[in-house]
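Dear colleague,

Please find below the structure that I am handing over to you. I would be grateful if you could look through it before reading my notes.

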Amino acid sequence: MGSFVTLSVLVCQFLFFVCLLSLKGIHGGWLNAHATFYGANQSPATLGGACGYDNTFHAGFGVNTAAVSGALFRGGEACGACYQLMCNYRADPKWCLRRAVISVTATNFCPPNNNGGWCDPPRQHFDMSMPAFFRIARQGNEGIVPVLYRR
């Protein structure tokens, strides 16, 4: 009887810990954020932005790039950083592609508009190139999707 009670207490503690991790937005090392996309078919020569890359395609990043919010950009520290992203299918099964994962490189800063925008602090946000965005989200969604990410 004593070992059953001990086991029950351990199981309850474990479940409590898992619930706490979920509340913090942690899913097996993945963190919550949101993503949008920019430019219909912008030339890579115009995508360098705040990180100073003249042409992201020639710099070796291809089209899998993103402008990141200030919480991720950190004054330029994120320039060139790679992130794995997946659309959070559990949160938005209508627009997310199930099990689709993409790696993007932070090549630009998504500026805040100080009016509750997606790039405003403390939000973690990826404004992705259109080709990268549609590798994780369904076409027809020209809006915003919840994502999970890790560096």
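The notes below describe what was found, from the overall make-up to individual residues.

**Basis of the notes**

This is a predicted model, in which local features need pLDDT of at least 70 and side-chain atom pairs count only at pLDDT 80 or more, while totals for chains, interfaces and linings use all residues. Residues are numbered from 1 along each chain as its sequence is written, and side-chain values use heavy atoms, with hydrogens and water left out.

**Confidence**

The pLDDT is the predictor's confidence in each residue, on a scale from 0 to 100. Its mean over the chain is 82, and 76% of the residues reach 70 or more. Over residues 4-25, however, the pLDDT is below 50, and beyond near neighbours in sequence this stretch has four contacts in the model; a contact here means heavy atoms within 4.5 Å. Where pLDDT is low, the predicted coordinates should not be read in detail.

**Overall make-up**

The chain contains three helices and seven strands. These elements are DSSP runs numbered from the N terminus, with helices (H or I) of at least four residues and strands (E) of at least two. Their order from the N terminus is α-β-β-β-α-β-β-β-α-β. Of the contacts between residues at least 6 apart in sequence, 75% join residues at least 24 apart.

Of the 151 residues in the chain, 36% are buried. Buried means under 20% relative accessible area, exposed means over 50%, and partly exposed lies in between (1.4 Å probe, protein chains only). The accessible surface of the chain is about 8,700 Å², and carbon and sulfur atoms account for 60% of that area. Such areas come from the Shrake-Rupley method with a 1.4 Å probe, and for residues only the protein chains shown count as cover.

Strand E6 (residues 125-129) is mostly covered, with five of its five residues buried. Two strands pair if DSSP finds at least two bridges between them. Strand E2 (residues 30-38) runs parallel to E6 and is joined to it by five bridges, whereas strand E3 (residues 65-68) runs antiparallel to E6 and is joined to it by three. Aspartate 127 in E6 is the bridge partner of threonine 36 and also of alanine 67.

A nonpolar core is a set of buried Ala, Val, Leu, Ile, Met, Phe, Trp, Tyr and Cys residues joined through side-chain atoms within 4.5 Å. The largest one has 28 residues, of which Tyr83, Leu85, Phe126 and Met128 touch the most other members. At least two residues of this core come from each of E2, E3, helix H2 (70-73), strand E4 (82-87), strand E5 (101-109), E6, helix H3 (130-133) and strand E7 (145-150). Leaving aside neighbours within four places in sequence, phenylalanine 126 has contacts that include Ala33, Ala67, Leu72, Tyr83, Leu85, Val147 and Tyr149.

**Disulfides**

A disulfide is counted where a pair of cysteine sulfur atoms lies within 2.5 Å. By this rule there are three disulfides. With the bonded cysteines numbered in sequence order, the pairing is 1-2, 3-4, 5-6.

- Cysteine 51 and cysteine 79 have their sulfur atoms 2.0 Å apart. Cysteine 51 is in the loop between E2 and E3 and cysteine 79 in the loop between H2 and E4, 28 residues apart, so the pair links distant parts of the chain. The torsion about their S-S bond is about -85 degrees, so this disulfide is left-handed. Cysteine 51 is buried at a relative accessible area of 18%, while cysteine 79 is partly exposed at 25%.
- Cysteine 87 and cysteine 96 also have sulfur atoms 2.0 Å apart. Their link is left-handed, with -55 degrees about the S-S bond, and both cysteines are buried.
- Cysteine 110 and cysteine 119 have sulfur atoms 1.7 Å apart. The torsion here is about 70 degrees, so the disulfide is right-handed. Both of these cysteines are buried.

**Serine 69**

Serine 69 lies in the loop between E3 and H2 and is buried, with a relative accessible area of 0%. Apart from neighbours within four places in sequence, serine 69 is in contact with Phe109, Cys110, Cys119, Arg123, Gln124 and His125.

With kind regards
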